[in-house]
Amino acid sequence: MPLNMTQGVTEISQQVYQLHMTIFWICCVIGAVVFGIMFWSIVRHRKARGVQPAQFHESTRVEILWTAIPVVILIIMAIPATKTLIAMEDTTEADVTVLVTGSQWKWHYKYLNQDVEFYSLLATQKEQINNKFTKGENYLLEVDRPLVIPTGKKVRFLMTSDDVIHSWWVPAFAVKKDANPGFINESWTKVDQPGVYRGQCAELCGKDHAFMPIVVVAKTPAEYDAWLNAEQQRIAKAKAEEQELLAMNMSMDELMAVGERTYIAHCAACHQPNGEGLAGIFPALKGSALALHDKAGHIDVVLNGKAGTAMQAYGKQLSLKELAAVITYERNAWGNNTGELVQAADVHAAAQGKGE
């Protein structure tokens, strides 16, 4: 673990590091001078030497000196600090703009004008978190889908939040910006060397704050363009498959299998694998009136979340197939056994405001 701050990999991060070191050494010199004078005075003018204390009330010269010297020091410190801060806030002439949205407890990335967006979730195995497996090299700093940016180009970040205050922090870029609900903050970076850079949410944002990592992969412009093209094709294909799915009906076995995987991945942390929730914190789904009797309400809650609670909206996070499957699973697992199937068409109709 290094004692000093990281130097980073961008021009701005280098400026920040140099500013830090400049201020650090100024503070060291000030400390050495002040404590040197203090200890010299204690030894030189101690009572054992018979020194008599001076008798004076005020000194205009001293008053001017101890006011002027700090002012000069502050000006010397302010000049490089101001230059660095101005450079950090200059988000103009960006080549790529990414909307970064924090939510409990994941990041959503949207490449503006590119029709590419996705959620980035923690990829560390739960068995590592629960000390059943050996912890990996990047424990709690690995995600299923990293943010990808091109090298040698200015990337502008627009930060916001769906719920509470988060903070997008990548030390190697010297970027740490709050994501506030209802507001847009800006930051930027320009990475010259390809690589993988890691960070995490730096604002205490709730129960799973520690499980909200950031991974950024910097690729060469050619590799980035290839990745972007592949993502656009993948998203287009997924949308086409969902349209085909609207005309199909999945079997109970298929819905339950997909639903169980989706539930464990996205719902079990709060509602528990047995569906019993946590008393007073997360409601049980096992035997609940919502899961047993209110099919339309159940679809609505999973799609749109529930205001004022930790229940997130999964309408944009999961596919129609996953949404239909997890709702079906919740209505038929743990002894609920409603026998009701929820199909992709039902979820789509509800999302379009055409539900029952």
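User: How much accessible surface does the protein have, and what share of it belongs to carbon and sulfur atoms?

Analyst: Accessible areas here come from the Shrake-Rupley method with a 1.4 Å probe, and for residues only the protein chains shown count as cover. For this protein the total is about 20,800 Å², with 57% belonging to carbon and sulfur atoms. Keep in mind that this is a predicted model: local features need pLDDT of at least 70, side-chain atom pairs count only at pLDDT 80 or more, and totals for chains, interfaces and linings use all residues. Residues are numbered from 1 along each chain as its sequence is written, and side-chain values use heavy atoms, leaving out hydrogens and water.

User: Where is K154 found?

Analyst: Helices (H or I, at least four residues) and strands (E, at least two) are DSSP runs, numbered from the N terminus. K154 sits in the loop between β4 (147-150) and β5 (155-161).

User: Which side chain of opposite charge is nearest to K154?

Analyst: Lys and Arg count as positive, Asp and Glu as negative; His and the chain ends are not counted. A salt bridge needs a side-chain nitrogen of Lys or Arg within 4 Å of a carboxyl oxygen of Asp or Glu. For K154 the nearest is D90, 4.1 Å away, and K154 has no salt bridge. Still, a polar atom of the K154 side chain lies 2.7 Å from the backbone oxygen of D90.

User: How many helices and strands does the protein have?

Analyst: Ten helices and ten strands.

Methods. Buried < 20%, exposed > 50% of the residue type's maximum accessible area, 1.4 Å probe, protein only. Polar contact = N/O pair within 3.5 Å; in protein donor to acceptor, adjacent residues only side chain to side chain.
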